[in-house]
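Please give a short report on this protein for someone new to it. Cover the confidence of the model, its core, and the record's annotations.

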Amino acid sequence: MTTLTAAPRWRGTDFGTQVLVLTQRSLRTLVSDPRMIVFSILQPLIMLTLFSQIFASIADTPGFPQGVAYIDFLMPAILVNTAMQSALQAGVGLVTDMKNGVLARFRSLPIRSGSVLVARSLSDLVRTAAQLLLMLVFAVVVFGYSPAGGITGTAAALALALAVGWGLGWIFLAIAAWLRNAELMQTVGFLAMFPLMFASSAYVPINGLPGWLQAIATVNPLTFAVDAARSLALAQPVTGVVGALATSAVLAAAGWFAAVKGFRRPL
């Protein structure tokens with residue numbers, strides 16, 4: 001007599017395959033809407049154009065680094081700031097997926113919650129990398145961006161900006177997983193990033209700021225990231241790179257833990 005054995009229960013694909021498929025889905029969604037592509041690129045280009053022209057005269061002040069064009073001083077800061085703003089969009093995108101029912105459908109499938117979050121993070125990392133590369137091309141062609149560090153230093157500054165943005169992106173994913181409100185997410189992001197951007201060494205050397213603002217800029221985490229990216233691009237003594245990477249790793253780990261906890265709550 002033949003004994004029938006039950007087929008093993010299918011538990012879905014492995015974690016890596018799920019991340020790959022879900023990342024591709026997020027990227028296809030982005031590419032399928034040209035408006036998102038245009039506006040995501042247009043905003044940082046406008047910032048670059050405005051700041052490079054408004055603050056250009058700062059290069060003539062006594063406290064500005066000698067022999068450095070303002071566009072070469074500014075561009076590493078724009079890379080870091082743009083990566084930070086893109087990190088906020090990662091959280092907004094997660095909230096959008098929660099509201100339109102996509103994540104509810106995912107929960108009915110054998111898909112790990114962590115793979116959804118990692119895929120969202122990676123797709124936004126790819127989008128940010130494309131933004132930053134286009135900005136660099138624009139800066140070189142239009143404003144003559146040519147730092148002393150050359151292609152190698154610029155590539156290192158770009159990689160550092162992506163690492164900082166990726167780590168911060170996990171914090172915004174965690175906030176999104178708990179708040180689940182796009183408008184509130186954007187408000188929180190603006191309140192967090194606006195002071196960080198301007199109370200730092202991003203646009204003006206710290207010694208050119210008022211005394212009380214110098215004290216804030218000196219301890220501002222964004223200052224460390226900007227100074228590290230700038231030192232790489234300008235071929236100056238590199239300081240703060242390890243600290244910026246370590247901080248990004250800590251933010252990513254903390255954000256991952258909080259995001260998974262918030263994501264597993266009922267929708």
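The report below takes these topics in turn.

## Model and confidence

This is a predicted model; local features need pLDDT of at least 70, side-chain atom pairs count only at pLDDT 80 or more, and totals for chains, interfaces and linings use all residues. Residues are numbered from 1 along each chain as its sequence is written, and side-chain values use heavy atoms, leaving out hydrogens and water.

The mean pLDDT (the predictor's confidence in each residue, from 0 to 100) is 83. A value of 70 or more is reached by 94% of residues. Helices here are DSSP runs (H or I, at least four residues), and strands are E runs of at least two, numbered from the N terminus.

## The nonpolar core

A nonpolar core is a set of buried Ala, Val, Leu, Ile, Met, Phe, Trp, Tyr and Cys residues joined through side-chain atoms within 4.5 Å. The largest one has 76 residues. M75, V80, L94, Y203 and F263 have the most contacts inside it. Helix α3 (residues 70-99) gives the most to this core, 18 residues.

## A buried aspartate

D124 lies in helix α5 (residues 113-143). Its relative accessible area is 7%, so D124 is buried (under 20%; exposed is over 50%, partly exposed in between; 1.4 Å probe, protein chains only). Beyond four places in sequence, D124 is in contact (heavy atoms within 4.5 Å) with Q89 and A90.

## Annotated spans

An unreviewed UniProt entry lists "transmembrane region" at several spans, including residues 36-56 and 129-148. Such annotations may be inferred rather than shown by experiment; positions follow the numbering used here, and feature names are shortened.

Residues 36-56 are 90% helix and 0% strand, with end C-alpha atoms 30 Å apart. For residues 129-148, the span is 75% helix and 0% strand, and the end C-alpha atoms lie 22 Å apart.
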